[in-house]
Amino acid sequence: MSKLAADVGAVNLSQGFPDFDCDPALVDAVARHMRAGLNQYAPMQGVPALRQAIAAKYAHYYDAGYDPDTEVTVTSGGTEAIFDAVTSVVHPGDEVIVLEPCYDSYVPSIELNGGVPVAVALRLPDYRIDWDAVRAAITPRTRLLMINSPHNPTGAILTAGDIDALTDIVGRTGIYIVSDEVYEHIIFDGARHESMARHPELAARSFVVGSFGKTYHVTGWKVGYVVAPAALTAELRKVHQFVTFSTHTPVQHAIAEFLAARTGLDELPSFFQRKRDLFLRLMQDSRFKPLPCRGSYFQLMDYSAISDLPDAEFAIWMTREHGVASIPTSPMLHRSKAPHVVRFCFAKRDETLEQAAERLRRI
């Protein structure tokens, strides 16, 4: 969709990246570390300063204790982190539950390891988890459950009730969790992020995945991480060592400085909530119907008042004929029929959102 948007000159609200720059001080810090000669391989598990800063962050925000030497691993982006975590525990024939729609790397990561994806549909219109359906999907071969909060593409978040249900399931079955929390600091309306790290019973069975690309507006730098108990981390590192081995050295040092000072983290919720609210306000007079968005930087819109086209066809038509690119949810679905909704990314400059909304109001 980004290529199509570029080809036809559309406003690109499709792929999930900002069209504004990161803090210039972060770029300056990377350059400073480059000039200081930190341009060779980083340690496989990540530079010590960054691992220490990650552990300190989890202690500060979630009262969670992770050993930076044995329980924190830096990866080349969140997608590598997810692949490494899945590979660490999934064997041929193991079943892995995914809650759909889901980020498009989950199922390929499972299938490349010989696992069997088992899709459980989230409940519209607010995309809540149907825990009865999850329980019904668990068999003796279930090895892993993939969780994502704040959720891509829907903007849903886990609640305290979800945590209770998940804790009960893990306690009874002993399955593992990969918790994709790359949007952890982008959460709205005063809600609390229910990280697996907050809850000792869940943390003990969980790989928790984070992303500095999302946190610091630098998706092209591809720096993510995993926190997990030492035994799980040992297995994950066996995979990571032969996937990318290590991650960009000067960027790790620069991010370590920012993270140690918690620069910008506490401002992220209000920063992106303002953009969500601006986009919703601009779209009030359109025929699109917004679905609830409580986190991430994605807004789903129901277009059923406009067209009966399938979502992928509608997204292409809207890009070509009306000059705004979005993402359909059908590529993120594996069992369920795609509803008449498309995803817009509001991690954009205000003028970009205004230009897009002006065009969308005309449809």
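Let's start at Ser286, which sits in the loop between α12 (268-282) and β9 (289-290). Helices (H or I, at least four residues) and strands (E, at least two) are DSSP runs, numbered from the N terminus. This is a predicted model, in which local features need pLDDT of at least 70 and side-chain atom pairs count only at pLDDT 80 or more, while totals for chains, interfaces and linings use all residues. Residues are numbered from 1 along each chain as its sequence is written, and side-chain values use heavy atoms, with hydrogens and water left out.

- Ser286 counts as buried because its relative accessibility is 11%; buried means under 20% relative accessible area, exposed over 50%, and partly exposed in between (1.4 Å probe, protein chains only).
- A polar atom of the Ser286 side chain lies 2.8 Å from the backbone oxygen of Met283.
- Leaving aside neighbours within four places in sequence, Ser286 is in contact (heavy atoms within 4.5 Å) with Leu360 and Arg361.
- Phe17 is found in the loop between β1 (11-12) and α2, and with a relative accessible area of 27% Phe17 is partly exposed.
- Phe17 and Phe346 are 329 residues apart along the chain, yet 9.1 Å separates their C-alpha atoms.
- Beyond neighbours within four places in sequence, Phe17 is in contact with Ser2, Asn12, Thr219, Tyr297, Cys345, Ala347 and Lys348.

**Helix α11**

- Helix α11 (residues 249-260) has 12 residues and reaches 17 Å from its first C-alpha to its last. That is close to the 16 Å expected at 1.5 Å a residue, where the expected span is 1.5 Å times one less than the number of residues.
- How many of the 12 residues of α11 are buried? Nine of them are, so the helix is mostly covered.- The buried residues of α11 are Thr249, Pro250, Val251, Gln252, Ala254, Ile255, Ala256, Phe258 and Leu259.
- Their cover includes α2 (24-35), α3 (48-62), β2 (72-75) and α9 (212-215).
- After α11 comes Arg262, which has a positive phi, near 55°.

- Strand β10 (residues 298-302) is largely enclosed by the rest of the structure, because five of its five residues are buried.
- In a regular strand, side chains alternate between the two faces of the sheet.
- Both faces of β10 are covered, with Phe298, Leu300 and Asp302 buried on one side and Gln299 and Met301 buried on the other.
- β9 pairs with β10 in the antiparallel sense over two bridges; two strands pair if DSSP finds at least two bridges between them.
- Pro290 has Met301 as its bridge partner in β10.
- β10 also pairs with strand β13 (residues 341-345), in the antiparallel sense over five bridges.
- Opposite Leu300 stands Arg343 in β13.

**Nonpolar cores**

- A nonpolar core is a set of buried Ala, Val, Leu, Ile, Met, Phe, Trp, Tyr and Cys residues joined through side-chain atoms within 4.5 Å.
- The largest nonpolar core has 59 residues, and Ile54 and Tyr58 touch the most other members.
- Apart from that core lies another, of 57 residues, among them Val107, Val178, Phe288 and Phe298.
- Not counting residues up to four places away in sequence, Tyr58 touches Asp63, Ala64, Tyr66, Glu184, Ser195, Ala197, Val208, Tyr225 and Val227.

**Salt bridges**

- A search of the whole structure finds 17 salt bridges, each a side-chain nitrogen of Lys or Arg within 4 Å of a carboxyl oxygen of Asp or Glu.
- Glu257 is partly exposed, with a relative accessible area of 31%, and Arg32 is partly exposed at 42%.
- Arg51 forms a salt bridge with Asp69, with the closest N and O atoms 3.4 Å apart. This pair links distant parts of the chain, with Arg51 in helix α3 and Asp69 in the loop between α3 and β2, 18 residues apart.
- Is Arg51 buried or exposed? Arg51 counts as buried, at 4% relative accessibility, whereas Asp69 counts as partly exposed at 48%.
- The side chains of Arg349 and Glu351 also meet in a salt bridge (3.7 Å, N to O).
- Arg349 counts as partly exposed at 37% relative accessibility, and Glu351 is partly exposed with a relative accessible area of 45%.
- Asp19, Arg349 and Glu351 are linked in a network of salt bridges.

Note on methods
A polar contact is a pair of N or O atoms within 3.5 Å; within protein, one must be able to donate a hydrogen and the other to accept it, and residues adjacent in sequence count only if both atoms are side-chain atoms.
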